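Hi everyone, thanks for making time.

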Amino acid sequence: LALFVPSALRAVGLPDFAAHAERALAVHIQPPYPNTVAEWDPTLERIRDSQLEEDFSAEYHAIETDFFVLYHADPSHFRTTLHAYILKHLDD
């Protein structure tokens with residue numbers, strides 16, 4: 001599901017957060033992404049294997065730090081934006 005996070009964040013009106021999700025994906029895979037669940041299987045296996053062999057904590061830490069700087073700049077923005085989107089699309 002990680003593949004869909006950036007586009008979902010943009011769709012709900014959180015493009016700044018989408019950029020951090022894309023950075024997290026880019027640690028392991030670059031576009032173009034696989035199109036089907038079956039095509040993701042070998043990619044996911046490769047990602048799992050790499051996480052066993054390599055330490056990505058520095059990359060993840062930098063992304064998390066930047067994400068939370070953005071989040072804490074206005075702690076209610078993420079929640080209220082997402083909530084407003086949900087309310088607007090309840091009948092969809």
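I'll begin with some ground rules, then go through the helices and a few residues.

This is a predicted model, in which local features need pLDDT of at least 70 and side-chain atom pairs count only at pLDDT 80 or more, while totals for chains, interfaces and linings use all residues. Residues are numbered from 1 along each chain as its sequence is written, and side-chain values use heavy atoms, with hydrogens and water left out.

Let's start with a pair of helices. Helices here are DSSP runs (H or I, at least four residues), numbered from the N terminus. Helix H4, residues 57-73, packs against helix H5, residues 75-88, at an angle of about 80°, and their axes are 3 Å apart. Those axes are lines fitted to C-alpha atoms over the stretch in contact, with angles running from 0 to 180 degrees between N-to-C directions. H4 and H5 are therefore roughly perpendicular to each other, a label for angles of 65 to 115 degrees. Who touches whom? On the H4 side we have Tyr71, His72 and Ala73, and on the H5 side Pro75, Phe78 and Arg79. Contact means heavy atoms within 4.5 Å.

Now to the inside. Which residues make up the largest nonpolar core? There are six: Leu9, Val12, Leu14, Phe17, Ala18 and Ala21. A nonpolar core is a set of buried Ala, Val, Leu, Ile, Met, Phe, Trp, Tyr and Cys residues joined through side-chain atoms within 4.5 Å. Helix H2, residues 15-26, gives the largest share, three residues. Leaving aside neighbours within four places in sequence, Phe17 is in contact with Leu9, Phe67, Leu70, Tyr71, His77 and Phe78.

His20 is also found in H2. Is His20 buried or exposed? At 12% relative accessibility, His20 counts as buried; buried means under 20% relative accessible area, exposed over 50%, and partly exposed in between, with a 1.4 Å probe and protein chains only. Beyond neighbours within four places in sequence, His20 is in contact with Ile63, Asp66, Phe67 and Leu70.

Finally, helix H3, residues 37-53. Trp40, Thr43, Ile47 and Ser50 of H3 are buried. Gln51, also in H3, counts as partly exposed, because its relative accessibility is 40%. Apart from neighbours within four places in sequence, Gln51 is in contact with His28, Phe56 and Tyr60. Gln51 and Leu25 are 26 residues apart in sequence and 13 Å apart in space, C-alpha to C-alpha.

Technical notes. Helices (H or I, at least four residues) and strands (E, at least two) are DSSP runs, numbered from the N terminus. Angles under 35 degrees count as roughly parallel, over 145 as roughly antiparallel, 65 to 115 as roughly perpendicular and the rest as oblique.
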